[in-house]
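Hi there,

Here is the structure I promised to pass on, with my notes below it.

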Amino acid sequence: MWHKISWRLLRHELKRGELTIMAAAIVLSVTAVLSLSLFTERLQSGLLARSAEFLAADRVLSSRRPISDEWLEQAQQRGLDTANRVVFNSMAFADDNLALVDIKAVSDGYPLRGSLRTASEPFGDETTVINQLPGEGEAWVAAALFQELDLEVGDTLEIGQSKFKVSRVLTYEPDVGFSVFTDSPNVLIHYDQLEQTGLIQPGSRVRYNVLFAGTAEQLDGYYEWLAPQLNDDTHNWRSIEDGDSPLARSLQRAERFMLLASLLGVVLAATAVAVAAQRYCQRNYDVVAIFKTLGAERRQIQRIFILHLLLLTFISIGVGLLLGWVIQAQVIEFVAAQLGAELPAAGLKPYVLASATGLVSAVMFTLYPLLRLIAIPPLRVLNRELTGTDKLRWLHWIASAGTIYALLLIYSQQWLLSTALFAGGAVAAVLLLAVGRLFIRASRQAGMQAGSAWRLAMAGLQRRAQANSVQMLSFSTAIMLLLLVLALRNELLADWERQLPDDAPNYFIVNVAPGDVAQLEQRFAARDIESNDMYPVVPGRMTAVNGVPVRDEVTKEAGGDEADTQTNNAEQREGFGRELSLTWRDDLPPNNTIVAGEWWGDNPQPQVSIEEEVAERMRLSIGDELEFNIGGNTFTVPVTSIRKVNWGSLQPNFFMIFNTSTLEDFPATFISSFNLPKERQSELYELFKPFPEVSLIDLDAIMEQLREVIDQVSIAIAFVLVLVLIAGILVLLAQVQASMEERQQELVILRTLGAPAKLLSRSVTYEFLILGAISGLIATLAMELSLWILQTQVFEMAATIHWRFWLVGPLAGAIVVGTLGRLACARLVRRNTAQLIRKLA
Amino acid sequence: MLIQTTQLEKKVTTQDGILHILQPIDLSIEAGQTVAIVGASGSGKSTLLSLLAGLDLASGGDVSIDNVNLGDLDEEQRAKVRADKIGFIFQSFLLIPSLTALENVMLPAELAGHKNAEQQARELLTKVGLGERLKHYPNQLSGGEQQRVAIARAFIGTPKILFADEPTGNLDATTGHKVEDLLFEMNKESGTTLVMVTHDPELAKRCQRILKMDAGRLTEVSNDVA
């Protein structure tokens with residue numbers, strides 16, 4: 001019988017709109033989580049697939065020694081696509097000219113992700129090459145080598161014991177990467193031709209890579225099998241997300257933002273559920289008292305209301321899932337249309353996650369209010385003031401806090417992030433509560449002298465100080481989270497814009513002879529081409545740290561980092577016994593900041609500044625004596641500063657920078673980067689004709705990819721923002737609604753006593769305006785603090801103060817909360833007094 | 001004796017000391033009697049009603065219904081006594097706003113597990129003149145109509161005792177009289193014991209016994225009409 005009563009109550013209440021806020025809150029939490037996680041998962045895999053091009057594969061296994069065939073076979077059995085890539089340096093001859101080149105021998109299937117592009121003449125129109133590699137006896141050669149060796153298509157190139165016909169100009173390799181120190185131009189040959197060159201001998205410096213592509217499950221399964229057999233000293237397993245490239249950084253940052261914004265959205269939606277749950281139970285106090293008076297047993301009441309809540313929750317979850325799916329599908333379609341790309345489908349996980357969020361928040365936030373509801377004494381039918389015991393209030397705080405924490409954890413699956421956010425949130429909540437009360441107390445004086453609507457409003461604020469400070473907590477939280485997501489989004493986009501301005505360098509030049517520097521700079525100036533400073537480069541080795549030879553020490557510590565030549569600068573860290581590109585300079589380069597020690601300025605004493613991560617990896621600190629060997633000359637310098645380098649900046653960056661007096665006497669070549677718009681590309685040939693030894697590296701393709709990725713992420717961020725906005729407004733609405741009910745009795749009395757509707761509606765509006773403005777102000781303060789922590793700790797950005805938000809926060813708070821309050825009040829005031837009294841009765 | 005109290009008292013502790021809301025009361029009400037409890041506001045009428053109905057617990061003394069001492073029962077058992085033997089009518093009607101008139105009347109019978117709750121409820125609503133308004137929600141009914149629904153609800157389990165707390169206090173005179181008539185008529189038909197708290201001397205006079213509450217003391221007043 002009880003289930004009939006429960007269902008009947010639910011049906012009528014839903015129809016009469018009494019459960020709208022509670023249902024909307026649950027629907028929203030489910031919708032938000034589902035659409036966010038579906039969307040991010042699909043976008044993420046789309047982005048990863050797109051960015052996998054930078055590796056030419058999903059994963060790369062690289063080694064200094066040949067990789068076992070058994071490993072390849074195992075991968076193929078598991079359904080993975082594989083390809084071999086072997087990279088080494090060698091001299092190449094063409095007629096009487098010779099040059100050091102990077103030779104890349106690749107097997108069929110390469111590249112597994114992305115594609116090669118070639119042209120029929122240097123700097124000519126390029127075409128995308130599909131399923132094709134250089135044939136037997138053929139080589140595809142990078143444009144730069146054409147200059148260096150004075151080559152033409154069809155000429156012969158000698159490499160080791162083999163001769164290759166240069167059949168095409170290699171204009172784009174997806175895995176060419178960002179490292180400007182792959183300073184020798186590439187020659188691409190087929191893997192089958194490798195042996196004939198006779199260049200692969202025991203002890204040759206060769207990097208063997210196997211490329212893998214497949215589904216995430218296949219890749220993970222394979223890695224699980226492979227991992228125990230890998231030797232950290234010789235093997236390295238990589239995906240695009242590892243590493244320091246601007247793309248990897250943008251991706252990581254975007255991922256963090258999406259996760260964070262989604263988490264805030266989830267917390268907001270949960271807050272809406274919490275506020276609504278309280279209301280949901282309070283509304284039923286009378287009903288339970290009547291039930292008890294009519295002889296209902298506690299167990300019956302428990303069952304009726306638990307079923308009622310569960311039914312409501314499940315219905316709302318169902319609606320939420322449907323809505324979330326539809327929204328996400330629309331957005332995906334829009335994004336896909338914008339990008340002209342398909343986004344892969346997502347798994348079941350987001351659905352489970354969303355349903356769990358709805359269920360957990362509905363059940364946990366209702367737990368305590370429901371306990372109180374069930375304990376309502378029957379005597380309430382005669383004494384309406386009775387609300388039962390409030391002794392277990394601590395239980396409510398624990399349950400609510402636990403729920404928020406659980407939701408953070410469920411959603412992010414990261415202990416550290418969840419704990420940090422939770423702890424931060426808890427501190428903020430206590431502060432908000434305290435500051436809120438303080439504000440209300442301070443407003444007393446002001447209120448006494450104001451006009452009558454103001455006076456009423458102030459008196460109201462005073463009387464409900466306790467309730468108001470809790471309300472203010474949810475107002476402030478909602479406003480703060482909204483501002484936070486908004487500000488963070490702006491920061492992130494602006495940061496990307498700064499990183500990739502339209503005039504960002506799109507070409508690197510290396511190997512500029514000292515005598516050519518001035519002339520080249522003149523030519524840039526004459527053609528109005530913006531270029532960075534010229535940096536001298538001296539090849540050298542670091543041979544000892546504090547007298548301990550580097551080789552021995554490094555193979556142990558940095559052995560796990562034997563990196564693929566491509567995509568990032570990890571190569572330089574492989575072992576510092578290797579050749580490094582050293583530079584000297586008087587001023588600290590742009591995008592570098594000193595994190596320890598001091599920049600030398602005019603100090604002529606020999607010294608070196610090292611990059612932060614190298615210092616960490618090599619366990620170097622200020623004062624360590626480093627020994628270098630340059631062309632047989634050995635010298636020792638102390639470390640006097642450690643720099644943080646923004647590797648995302650498209651300028652020459654260095655691990656080791658010396659002061660001028662230390663290096664200037666060594667022979668050097670120069671490198672730089674510059675911007676030349678695509679449409680002026682034809683000028684390149686003319687520009688560099690007098691400098692045949694200068695190598696040119698084209699970054700356009702890479703930057704284009706980076707821009708695309710950023711565009712995708714921007715759309716995603718806008719979407720997240722809208723969802724968070726809706727969640728925020730729902731919290732405000734739920735809270736205004738709840739506090740309106742509390743004000744109802746007072747309004748009815750004032751109305752009955754003849755207070756004009758205008759006065760009442762004004763006083764309520766003022767009260768909410770003040771609440772909103774104070775909440776907005778506190779929210780802005782809290783937002784600045786959180787943003788400062790996030791920017792400096794999570795996003796590795798420079799912290800800024802957002803003056804605009806100090807105006808926007810309180811203003812938006814006052815307007816939104818005031819408007820919602822006015823609307824809610826208008827409904828009450830419109831009714832006639834008799835109706836109101838009856839409603840109260 | 002259907003209702004019996006011995007030395008029933010209620011006190012509460014306040015900042016100024018102990019406040020005696022009810023001085024020890026001995027009262028016996030036989031089955032079928034109609035009893036009015038009158039007195040000024042705050043004299044303790046409603047408190048007495050709540051103790052008699054087992055909605056609240058006494059500070060001292062006993063109250064028994066049908067020879068069962070309510071003081072010996074826990075909350076659940078008292079609820080069972082209410083479900084089986086007691087009906088209520090309140091000044092503010094106390095209907096459940098999200099249930100229709102019919103469903104409100106069915107509720108006690110359903111809670112008690114009666115099979116034909118709906119049939120009984122329809123008959124009772126027809127009897128109180130609301131046969132056409134079964135599907136209306138309380139806020140779609142006038143005050144008088146709401147109280148008639150409450151009367152129908154009070155009678156559905158054929159209770160032995162009906163407690164009424166100012167049943168016409170929220171109604172205008174004309175409507176109030178109609179509701180009174182209906183109440184007494186149905187009470188007579190069913191032979192239910194009626195215990196009614198009221199301010200209204202005219203209404204009190206329609207009962208067989210009148211008890212006057214004054215500052216927590218209960219005295220019996222002779223009723224000329226009875």
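How do the axes of helix α8 and helix α10 of chain A cross, and within what distance do they come? Please keep in mind as you read that this is a predicted model. The two axes, of α8 (residues 285–293) and α10 (residues 349–374) in chain A, come within 9 Å and cross at roughly 35°. On the α8(A) side the residues that meet the partner are Tyr285(A), Val288(A) and Lys292(A), and on the α10(A) side they are Arg372(A), Leu373(A) and Ile374(A). Sorted by class, this contact of α8(A) with α10(A) has four nonpolar and two charged residues, and no polar ones.

Chain A has 841 residues, and 54% of them are buried. Its secondary structure comes to 24 helices and 23 strands. If you take the contacts in chain A with a separation of 6 or more, 82% of them are between residues 24 or more positions apart.

One is Ser90(A), in strand β2 (residues 81–94). Ser90(A) has a relative accessible area of 10%, and because the cut-off for buried is under 20%, Ser90(A) counts as buried. Apart from neighbours within four places in sequence, Ser90(A) is in contact with Ala99(A), Leu100(A), Val101(A), Ile103(A), Ile159(A) and Leu199(A).

Next is a point about the backbone: the peptide bond that runs from Tyr110(A) to Pro111(A) is cis, and its omega is near -10°. You will find Pro111(A) in the loop between β3 (97–106) and β4 (116–119) of chain A.

Asn591(A) has a phi near 65°, which is a positive value in a residue other than glycine. Asn591(A) sits in the loop between β16 (579–584) and β17 (592–597) of chain A, and with a relative accessibility of 38% Asn591(A) is partly exposed.

**Chain B**

Chain B has 226 residues, of which 55% count as buried. There are seven helices and ten strands in chain B. Among its contacts between residues at least 6 apart in sequence, 68% join residues at least 24 apart.

From α3(B), the contact is made by Ala101(B), Leu102(B), Val105(B), Met106(B), Ala109(B) and Glu110(B), and from α4(B) by Ala117(B), Glu118(B), Ala121(B), Arg122(B) and Leu125(B). By class, the contact of α3(B) with α4(B) has eight nonpolar and three charged residues, with no polar ones.

Thr168(B) lies in the loop between β7 (161–165) and α6 (173–190). Is Thr168(B) buried or exposed? Thr168(B) is buried, with a relative accessible area of 12%. Leaving out neighbours within four places in sequence, Thr168(B) is in contact with Gly176(B), Val179(B), Glu180(B) and Leu203(B). The C-alpha atoms of Thr168(B) and His199(B) are 9.7 Å apart, while the two residues are separated by 31 residues along the chain.

Ala215(B) belongs to the loop between β9 (209–214) and β10 (217–221) of chain B. Its phi is near 45°, a positive value in a residue other than glycine. Ala215(B) is exposed, with a relative accessible area of 53%.

Best wishes, and happy browsing!

Definitions and conventions
Residues are numbered from 1 along each chain as its sequence is written. Chains are lettered from A and ligands numbered from 1 in the order in which they are written. This is a predicted model: local features need pLDDT of at least 70, side-chain atom pairs count only at pLDDT 80 or more; totals for chains, interfaces and linings use all residues. Side-chain values use heavy atoms; hydrogens and water are left out. Helices (H or I, at least four residues) and strands (E, at least two) are DSSP runs, numbered from the N terminus. Buried means under 20% relative accessible area, exposed over 50%, partly exposed in between (1.4 Å probe, protein chains only). Contact means heavy atoms within 4.5 Å. Ala, Val, Leu, Ile, Met, Phe, Trp, Tyr, Cys and Pro count as nonpolar, Asp, Glu, Lys and Arg as charged, and the others, Gly among them, as polar. Axes are lines fitted to C-alpha atoms, for helices over the stretch in contact, and angles run from 0 to 180 degrees between N-to-C directions.
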